[in-house]
Amino acid sequence: MIIVDHDEVERVGTRVYEGSFVTDVKSFPVEPWPEQGNHAAHFNLSGNRLLRAHIMAVPPGERKPTHRHVNEAVIYIPTGHGYSIVQQEGKLERRLDFQEGSLFSPPLNAYHGHYNGDAQQWVRYFVVTNMPLNQVVYGVGERKIYERFVFGSPFLFTERYNGEENYFSVNERLGPCRWKVNYVKDINEIPLDPSPERGAGARTMHLEMVGNTTVDVQISEIPPGGCQVAHQHIHEEIIHFFQGEGYTVIRRAGERERRKYLWHAGSLLSPPRNSVHQHFCTSREPARYLSIQTEKLMKAMGIEARQ
Ligand SMILES: [Fe+2]
Ligand SMILES: [Fe+2]
């Protein structure tokens with residue numbers, strides 16, 4: 001892992017780490033992030049141009065200020081517990097209680113704030129956003145313009161969320177390997193469907209969350225001693241392993257050598273675009289991982305190629 005020490009430090013507010021792999025998001029060092037009033041570490045993984053990840057940490061009993069943005073964001077809780085408040089302007093607040101293993105996504109430009117509900121333990125959030133994509137669309141070199149729009153837009157995306165009472169309890173099968181859900185209390189409660197095309201015994205589920213169009217969520221399982229079929233795709237992918245142990249073999253585009261990454265619950269891996277990669281489970285329990293990716297966006301642009 002390499003520390004980037006150029007102007008990204010100033011632009012994001014904390015160090016930005018580069019690389020493809022993080023051993024454990026539960027223990028990775030975070031530093032004060034004054035801009036957001038909490039602690040964080042930011043990652044630009046595998047040269048991704050559309051997705052960025054960060055770990056955000058809130059001390060015991062503290063809260064993160066309420067804010068809103070026109071970035072899509074997916075949040076997974078690797079450790080700790082507490083609650084988040086989500087509010088569409090002019091509508092009632094909704095409270096989402098979370099614990100280790102919770103998964104949610106603040107609806108686009110709805111206000112949200114995060115609270116640590118424990119007097120002793122820090123809470124950590126693993127967050128993936130489409131911020132780099134929006135920086136390109138709205139002007140990567142024009143931070144003030146980007147910020148004014150993304151963090152200051154008054155537009156209400158009421159077609160995605162309009163304060164509906166049961167919005168965060170939606171739990172609906174859309175078809176094979178496809179589920180609609182706007183809040184997941186425990187990621188292990190999501191049913192997974194057999195996906196033999198991904199490997200013997202593999203199971204998976206795509207989640208449609210809060211109307212997101214650029215950040216997809218997928219949960220996958222590899223049986224003990226099993227592996228997934230080696231595959232390659234142009235979309236970006238950030239993987240968080242949350243159960244089991246194993247390794248991934250990656251051959252980057254244009255390289256002959258293969259690299260091996262040993263992972264366990266808590267590890268983070270982003271296979272580079274167009275790399276050939278294959279996951280192997282070595283634990284007695286199935287390996288499970290959360291994959292946050294841009295496949296849907298690529299398909300919408302007509303340039304997806306998966307092999
Ligand atoms: Fe946010
Ligand atoms: Fe992949």
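Which residue follows α2, and is its phi positive or negative? Glycine 139 comes directly after α2, and its phi is positive, near 115 degrees. Some notes on the rest of this predicted model follow.

1. **Ground rules.** The model is predicted, so to speak of local features requires pLDDT of at least 70, side-chain atom pairs count only at pLDDT 80 or more, and totals for chains, interfaces and linings use all residues. Residues are numbered from 1 along each chain as its sequence is written, chains are lettered from A and ligands numbered from 1 in the order in which they are written, and side-chain values use heavy atoms, with hydrogens and water left out.

2. **Helix α2.** Helices here are DSSP runs of H or I with at least four residues, strands are E runs of at least two, and both are numbered from the N terminus. Helix α2 covers residues 131-138, and its buried residues are Met131, Pro132, Leu133, Asn134 and Gln135. Buried means under 20% relative accessible area, exposed over 50%, and partly exposed in between (1.4 Å probe, protein chains only).

3. **Strand β5 and its partners.** β5 (residues 38-45) is mostly covered, with 7 of its 8 residues buried. Two strands pair if DSSP finds at least two bridges between them. Strand β2 (residues 16-19) runs parallel to β5 over 4 bridges, with glycine 19 partnered by leucine 45. Strand β4 (residues 31-33) is antiparallel to β5 and joined to it by 3 bridges; here proline 32 stands opposite histidine 39. Strand β6 (residues 52-58) is antiparallel to β5 over 5 bridges, and alanine 41 faces isoleucine 55 across that pairing.

4. **Two hairpins.** β4 and β5 form a hairpin with 4 residues between them, and glycine 37 in the turn has a positive phi of about 70 degrees. β5 and β6 make a hairpin too, with 6 residues between them; in this turn serine 46 has a positive phi of about 55 degrees.

5. **The β7-β12-β9-β10 sheet.** This open sheet has 4 strands in that order, with antiparallel pairing. Its edge strands, β7 (63-67) and β10 (94-98), each pair on one side only. Neighbouring strands are turned by 15 degrees against each other on average, direction ignored (axes are lines fitted to C-alpha atoms, for helices over the stretch in contact, and angles run from 0 to 180 degrees between N-to-C directions).

6. **Asparagine 116.** This residue of β12 has 5% relative accessibility and therefore counts as buried. Polar atoms of its side chain lie 2.9 Å from the backbone oxygen of valine 58 and 2.9 Å from that of proline 59. Its contacts (heavy atoms within 4.5 Å), not counting residues up to four places away in sequence, include Glu62, His81, Gln121 and Trp122.

7. **The β20-β25-β22-β23 sheet.** Here is another open sheet of 4 strands with antiparallel pairing. β20 (231-232) and β23 (259-264) stand at the edges with a single partner strand each, so one side of each has no neighbour in the sheet. β20 is joined to β25 (residues 276-281) by 2 bridges, and histidine 231 has histidine 277 as its bridge partner.

Key
Polar contact = N/O pair within 3.5 Å; in protein donor to acceptor, adjacent residues only side chain to side chain.
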